[in-house]
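Colleague: Could we go through this model together? I would like to start with the helices and then turn to the strands and the ligand.

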Amino acid sequence: MTLAAPLSALADEYASWWIDFLGEHNHVGGEEATRWLLDRSRLAAGDRMLDCGAFVGASARMAARRLDVHAVAIDVEPDFLEAGRQLAGGEQVAWVAANTQRLPFVDGTFQSVWSLDSYISVREMSRVAAATATVCLCCETPDDSRGGLDSFFDEWREFGWEMAAHKSVTMDALQTWRHAEAELVARRSRYEARYGYRPYLGQLDLMSHLVAAYERGGMGHSLLVFARG
Ligand SMILES: C[S@@+](CC[C@H](N)C(=O)[O-])C[C@H]1O[C@@H](n2cnc3c(N)ncnc32)[C@H](O)[C@@H]1O
């Protein structure tokens, strides 16, 4: 048997290659950042938590396992959700293929709404959050003449949110992404050979842009908890 056959069989079977490639907690600060947010999320047993752009739902699974909440993970990529379902704690989470810009939930459903990604929909996340809820974010935040962080807070304030916890991770972000970028570049050819080209490799280009933006000082990265009610 040639080497190519078992490798292509593996690629067919192993849906979760992204986890090797990107890390299960696929955001700046990784698992430690997820824990920081969870500790401040005000979630209690029996609450409903929504993880937007969940990838393999590392945050949703952690919340479900640690706090016994009803966690829902959404992502536009059903393959990521299927991989997450098979990981530890996956059976405790509801997996829904959906777009963060148009969430398939009625108003006021969740006690905590998460997005550990920079593509956020303030309006939709606010709509599905309960009257007394939190929003947990790990995202890029402005750091320059566009009004800095205040402009970011103002946008959430318009939807009734006040900042409850904030941790700036600008320097960490730069170092984390630099490290990740170097790792990905080093491993890219191996992964392409093993799994074929996947559009998600475009993450590399995104990372290059982020590192450049951090270096210019035009953008930072934050962990944020907003609360209302
Ligand atoms: C940087 S990853 C973050 C994954 C996860 N939040 C975590 O921290 O591990 C971004 C994820 O958002 C998903 N995504 C991007 N745009 C989306 C959208 N409009 N609606 C839902 N998911 C989206 C991607 O498929 C990807 O899984």
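This is a predicted model: local features need pLDDT of at least 70, side-chain atom pairs count only at pLDDT 80 or more; totals for chains, interfaces and linings use all residues.

Colleague: Which residues of α4 are buried?

Modeller: The buried residues in α4 are A58, S59, A60, R61, M62, A63 and A64.

Colleague: And what covers the buried residues of α4?

Modeller: The cover includes two helices, α3 and α5 (78-85). It also includes the strands β1 (48-52), β2 (70-75), β3 (93-97) and β4 (110-115).

Colleague: What follows α4?

Modeller: D68 follows α4, and its phi is positive, near 60°.

Colleague: Let us move to α3. Which residues are buried there?

Modeller: Helix α3 spans residues 30-40, and A33, T34 and L37 are buried in it. Viewed down the axis of α3, these buried residues fall within an arc of 100°, so they line one face of the helix.

Colleague: Why would residues a few places apart point the same way?

Modeller: An α-helix has 3.6 residues a turn, so residues three or four places apart point the same way.

Colleague: Which residues are exposed on the other side of α3?

Modeller: On that side, E32 and D39 are exposed.

Colleague: What do the buried residues of α3 pack against?

Modeller: They pack against the helix α4 (58-67) and against the strands β5 (129-142) and β7 (219-228).

Colleague: Which residue just after α3 has a positive phi?

Modeller: That is R42, with a positive phi of about 65°.

Colleague: Now the strands. How many residues of β7 are buried?

Modeller: Eight of the 10 residues in β7 are buried, and the strand is mostly covered.

Colleague: How many bridges join β5 to β7, and in which sense do they run?

Modeller: Strands β5 and β7 run antiparallel and are joined by 10 bridges. In one of the pairs, A133 has R228 of β7 as its bridge partner.

Colleague: Which sense does the pairing of β6 with β7 take?

Modeller: Strand β6 (residues 162-168) pairs with β7 in the antiparallel sense, over six bridges. Here E162 stands opposite A227 in β7.

Colleague: Finally, which residues come nearest to the ligand?

Modeller: Of the 18 residues around the ligand, N26, H27, G53, F55 and L116 come nearest.

Technical notes. Residues are numbered from 1 along each chain as its sequence is written. A residue is buried if 20 or more other C-beta atoms lie within 10 Å of its own, exposed if 12 or fewer, and partly exposed in between; C-beta atoms are placed from the backbone. Helices (H or I, at least four residues) and strands (E, at least two) are DSSP runs, numbered from the N terminus. The arc is that of the directions from the helix axis to the C-beta atoms. Two residues are in contact if their C-beta atoms, placed from the backbone, lie within 7 Å. Two strands pair if DSSP finds at least two bridges between them. A residue is near a molecule or strand if its C-beta atom, placed from the backbone, lies within 6 Å of it.
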